[in-house]
Amino acid sequence: MLIIGNVLAAVVALIHVYIAVLEMFLWTKPQGRKAFNLTPEFAEQTRVLGLNQGLYNGFLAAGLIWGLLGGGFGAIVFFLICVAVAGVVGALTASRRILYAQTVPAVLALIPVILAH
């Protein structure tokens, strides 16, 4: 169960690295605009917001990676809960897709992590 939880937590971390890259570096590029359904004009007007969002998603990824590399059970649980909550807020305020991209994977990782402890 521990291995499954750690693998799923690592997947969540990788998802957030990908999201961080999209938001921080590709927000105004075709790949970023497509991912977030942005017009070129809106993407350019909000690129600083994308950078900020990306930084926060990068922190979530970094926290999970730290937890997996030695921060331990508490760090992994804390950052998975942060990801899940961020996904709920994003789903309520921006797009329902965020629930499936963030909250569902975080909860699926959280279950075996907690059961293994």
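This is a predicted model: local features need pLDDT of at least 70, side-chain atom pairs count only at pLDDT 80 or more; totals for chains, interfaces and linings use all residues.

Me: How do you know that the radius of gyration agrees with that of a compact globule?

Reply: For 117 residues a compact globule would have a radius of gyration near 13 Å, and the protein has 15 Å, which agrees. Along the principal axes, the C-alpha atoms fill a box of roughly 50 × 25 × 20 Å.

Me: Why is asparagine 57 called buried?

Reply: The limit for buried is under 20% relative accessible area. Asparagine 57 has 10%, and therefore counts as buried. This residue is found in helix H4. Leaving aside residues up to four places away in sequence, asparagine 57 touches His16, Ile19, Ala20, Glu23 and Gln102.

Me: Why is leucine 68 called partly exposed?

Reply: Partly exposed lies between the 20% limit for buried and the 50% limit for exposed. Leucine 68 has 28% relative accessibility, and so it counts as partly exposed. Leucine 68 is also found in helix H4. With residues up to four places away in sequence not counted, leucine 68 touches Asn6, Ala9, Ala10 and Ile76. Leucine 68 and arginine 97 are 29 residues apart in sequence, and their C-alpha atoms are 27 Å apart in space.

Me: What makes the span of H1 close to the expected one?

Reply: H1 has 24 residues, and at 1.5 Å a residue the expected span is 34 Å. From its first C-alpha to its last, H1 reaches 34 Å.

Me: Which residues of H1 are buried, and what covers them?

Reply: The buried residues of H1 are Gly5, Ala9, Val12, Ala13, His16, Ile19, Ala20, Leu22 and Glu23. Their cover includes helix H2 (30-36), H4, H5 and H6. Over the protein, buried residues make up 33% of the 117 residues.

Me: What makes a group of residues a nonpolar core, and which residues have the most contacts inside the largest one?

Reply: Such a core requires buried residues of the kinds Ala, Val, Leu, Ile, Met, Phe, Trp, Tyr and Cys, joined through side-chain atoms within 4.5 Å. The largest nonpolar core has 15 residues, and those with the most contacts inside it are Val12, Leu64, Ile76, Leu80, Val83, Ala106 and Val113. At least two residues of this core come from each of helix H1 (2-25), helix H4 (47-71), helix H5 (73-93) and helix H6 (97-116). H5 gives the most, with six residues. Valine 83 touches Val12, His16, Leu60, Leu64, Gln102, Thr103 and Ala106, residues up to four places away in sequence not being counted.

Me: Where does UniProt place the feature "transmembrane region", and how much of residues 6-27 and of residues 75-92 is helix?

Reply: The unreviewed UniProt entry places this feature at residues 6-27, 75-92 and 99-116. Over residues 6-27 the chain is 91% helix and 0% strand, with the end C-alpha atoms 30 Å apart. Over residues 75-92 the chain is 100% helix and 0% strand, and the end C-alpha atoms are 26 Å apart.

Me: How much of the accessible surface belongs to carbon and sulfur atoms?

Reply: The accessible surface of the protein comes to about 7000 Å², and 72% of this area belongs to carbon and sulfur atoms.

Terms used. Residues are numbered from 1 along each chain as its sequence is written. Side-chain values use heavy atoms; hydrogens and water are left out. Buried means under 20% relative accessible area, exposed over 50%, partly exposed in between (1.4 Å probe, protein chains only). Helices (H or I, at least four residues) and strands (E, at least two) are DSSP runs, numbered from the N terminus. Contact means heavy atoms within 4.5 Å. The radius of gyration is taken over C-alpha atoms; the globule rule is 2.2 Å times the number of residues to the power 0.38. Accessible areas come from the Shrake-Rupley method with a 1.4 Å probe; for residues, only the protein chains shown count as cover. The expected span of a helix is 1.5 Å times one less than its number of residues. UniProt positions are given in the numbering used here, feature names are shortened, and annotations may be inferred rather than shown by experiment.
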